[in-house]
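Trainee: I would like to learn how to read contacts between side chains. Please show me the structure, and we can go through it.

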Amino acid sequence: MDRDRGDRGDRGGRGDRGGRGDSGAVRGAYGRLGAPQRTEFRQNVLRRGIPRLAAGAFALTVGTAIARNYTLYDLPPDIVRIVPEYEDYRYVLVDDDIVIVDPDTYEIVDVIRG
């Protein structure tokens, strides 16, 4: 287990600065973008054609841990350029919502409503 933490030192380092509250720094990152960047962000994610989960699959609340049987997808590099806070996270689509997830804990760190 210690070896896993060492492999992901970047995310662990951010967590050390803010404790479990580090998701607060991520939460709302999308909302801080200008309208053109938000449009570009959504288009980049949605055009990838990944499968969408049905609404109600799980609670869309920051801090909720989702089941590990859900497939998490890498964010496109263009997205990380727009929102660098999302660099170490993955996502799933739930209906029209983009759900940013910590791949270590499977906890939701941000929800971008559709």
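Trainee: Is Glu85 buried, exposed or partly exposed?

Mentor: First, some ground rules: this is a predicted model, in which local features need pLDDT of at least 70 and side-chain atom pairs count only at pLDDT 80 or more, while totals for chains, interfaces and linings use all residues. Residues are numbered from 1 along each chain as its sequence is written, and side-chain values use heavy atoms, leaving out hydrogens and water. Buried means under 20% relative accessible area, exposed means over 50%, and partly exposed is in between (1.4 Å probe, protein chains only). Glu85, at 29%, is partly exposed.

Trainee: Which residue forms a salt bridge with Glu85?

Mentor: Side chains of opposite charge can pair when their charged atoms come close. A salt bridge is a side-chain nitrogen of Lys or Arg within 4 Å of a carboxyl oxygen of Asp or Glu. The partner of Glu85 is Arg32, with 3.0 Å between the closest N and O atoms. The two are 53 residues apart: Arg32 is in the loop between α3 (23-26) and α4 (35-46), and Glu85 is in the loop between α5 (77-82) and β3 (90-94). Helices (H or I, at least four residues) and strands (E, at least two) are DSSP runs, numbered from the N terminus. Arg32 is exposed, at 52%.

Trainee: How many salt bridges does a search of the whole structure find?

Mentor: Five. Among them is Arg90 with Asp74, at 2.7 Å from N to O. That pair links strand β3 to strand β2 (residues 73-74), 16 residues apart. Both ends are partly exposed: Arg90 has 25% relative accessibility and Asp74 has 48%.

Trainee: How many aromatic pairs are there in the whole structure?

Mentor: Rings of Phe, Tyr and Trp (its six-membered ring) pair if their centres lie within 6.5 Å; planes under 30 degrees apart count as stacked, over 60 as edge-to-face and the rest as tilted. The search finds four such pairs. One of them is Phe41 with Tyr86, edge-to-face, with 6.0 Å between centres and 65 degrees between planes.

Trainee: Why does the pair of Phe41 and Tyr86 tie together parts that are 45 residues apart in sequence?

Mentor: Because Phe41 lies in helix α4, whereas Tyr86 lies in the loop between α5 and β3. Phe41 is buried, at 0%, and Tyr86 is buried, also at 0%.

Trainee: Which residues form one aromatic cluster?

Mentor: Tyr30, Phe41 and Tyr86.
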